[in-house]
Every structure is written in C-alpha cells, then in structure tokens.
Amino acid sequence: ICDIFDTFFQYDPFNSNFPENYIYSTVENMNLSGTWNGKWVKEIDPHYKPEIYKDQPVLCSGLIYGGINPMNRLMANFFNQDVLGYVEHLWHDQSLLNYVYHHGYLKDIMKLDMNGNMVSATLWTFKNKPNKDNLMVVDSPAKGALPSAIHQYDRVCPCRRYIEKLCPPIG
C-alpha cells in the first residue's frame, strides 16, 4: 500500500527479499508520545491508556508492504466493524493503523521496518548526496540502509533536493 504522491522508488522493491508471510509498516523516526499522531490516536481510542502508546514508534500508513494474504488480513482488520465500533468515527488512516497495531490486532502478521528496506522519511536523516550508484543512503536511524522506496521524500531531507535535480517536474 503506497501513497504514491510523495514516494520515490530508487530501485524495484519486488526482489527476492520481498516478504510473503508478513507485512511491514514503515515507521517515522519519532514516538507517538507528544506528537500529532499521538493526539490522533488519543482522539479515536475510547479507552485510551498512555502506557499502551508510550515510547512506541509512529507507524506510517503511507507505505506498508508485504504478502497478499497478510495484506488481506490487514484490510479485514482495518474495516472490521468490531474494531471500528471501538473507535471514534472521525479518524485518519494512520491513527487507525497505530490503534490496531498497538492493541495487538496485527501482532502475528505485521512487523516494523526498522532496517530501512523502505522508509517513511519523516525525521530520518540521509547522506547529503547520493552514493556512487545514485542511491540515497540513510544516515540515521538505520545507518547505511539503501531503501528501495522513500515515502515522504518531500519532507525536510536531502532527498528532496536530489530528486528536484534528478526530475525537476516533481520538485
């Protein structure tokens, strides 16, 4: 699942390492506590308990990847009336993703991509210039990673400057 509007593909993500038995959520380099994402989750969770979300990473709904069967289960959870019956009706997809993940609905099928296979660039840092293969390299938190896809490349990061030079119409 990809918010293609602000996602840059550096190379084909559908390689031999592509997971079939799980789905992976990209994460923003921040915790839910004290962020607008945390505020959104608090607004939809009628039984909100800060300890459930404390020090938990923000899962980004703009780039989720994995096998078809676990993806179908994700969608079933996303649109499950039993789950939705517990949340307030006005919600962002990202707040719902964080809600269902941190409440354990996805614990057997979803993992977090902390290694930078694909990234949501919010507060991730990158090298100032692409490497010799013209790939943007993660500096932090997954130092040295070469993500196949960079979601939110248009946030404050060197990726935006590089992509604007590479493809001016995008910039």
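This is a predicted model: local features need pLDDT of at least 70, side-chain atom pairs count only at pLDDT 80 or more; totals for chains, interfaces and linings use all residues.
1. **The Phe18–Tyr65 pair.** The ring centres of Phe18 and Tyr65 are 6.0 Å apart and the planes meet at 45°, so this pair counts as tilted. Phe18 sits in the loop between strand S1 (7-9) and S2, whereas Tyr65 belongs to strand S3, so the pair ties together parts that are 47 residues apart in sequence.

2. **Other rings.** The whole structure holds five aromatic pairs. Ring pairs join Phe14, Phe18, Tyr24 and Tyr65 into a cluster. While you are looking at rings, have a look at Tyr22 too: Lys111 lies over its face, 3.9 Å from the ring centre.

3. **Strand S2 and its partners.** S2 is largely enclosed by the rest of the structure, because seven of its nine residues are buried. S2 and S3 run antiparallel and are joined by seven bridges. S2 also pairs with strand S4 (residues 110-113), this time in parallel, through four bridges.

4. **Thr26, a residue worth a visit.** Thr26 is part of strand S2, and its bridge partner in S3 is Cys60. With a relative accessible area of 0%, Thr26 is buried, since buried means under 20%. A polar atom of the Thr26 side chain lies 2.8 Å from the backbone oxygen of Leu63. The side chain of Thr26 also makes a polar contact of 2.6 Å with the side chain of Ser120. Leaving aside neighbours within four places in sequence, the contacts of Thr26 include Val58, Leu59, Tyr65, Asp113, Met118 and Val119.

5. **The largest nonpolar core.** This core has 20 residues, and Ile23, Ile64, Leu74, Leu97, Leu106 and Met110 touch the most other members. At least two core residues come from each of strand S2 (23-31), helix H1 (36-44), strand S3 (57-66), helix H3 (68-78) and helix H5 (93-102). H5 gives the most, with five residues.

6. **Leu74 and a second core.** What does Leu74 touch, leaving aside its neighbours within four places in sequence? Leu74 is in contact with Ile1, Ile23, Ile64, Leu97, Leu106, Ile109 and Met110. There is also a second, separate core of 15 residues, with Phe8, Ala121, Trp124 and Ala145 among them.

Notes. Residues are numbered from 1 along each chain as its sequence is written. Side-chain values use heavy atoms; hydrogens and water are left out. A nonpolar core is a set of buried Ala, Val, Leu, Ile, Met, Phe, Trp, Tyr and Cys residues joined through side-chain atoms within 4.5 Å. Buried means under 20% relative accessible area, exposed over 50%, partly exposed in between (1.4 Å probe, protein chains only). Contact means heavy atoms within 4.5 Å. Two strands pair if DSSP finds at least two bridges between them. A polar contact is a pair of N or O atoms within 3.5 Å; within protein, one must be able to donate a hydrogen and the other to accept it, and residues adjacent in sequence count only if both atoms are side-chain atoms. Rings of Phe, Tyr and Trp (its six-membered ring) pair if their centres lie within 6.5 Å; planes under 30 degrees apart count as stacked, over 60 as edge-to-face and the rest as tilted. A charge sits over a ring if NZ of Lys or CZ of Arg is within 6 Å of the ring centre and within 35 degrees of the ring normal.
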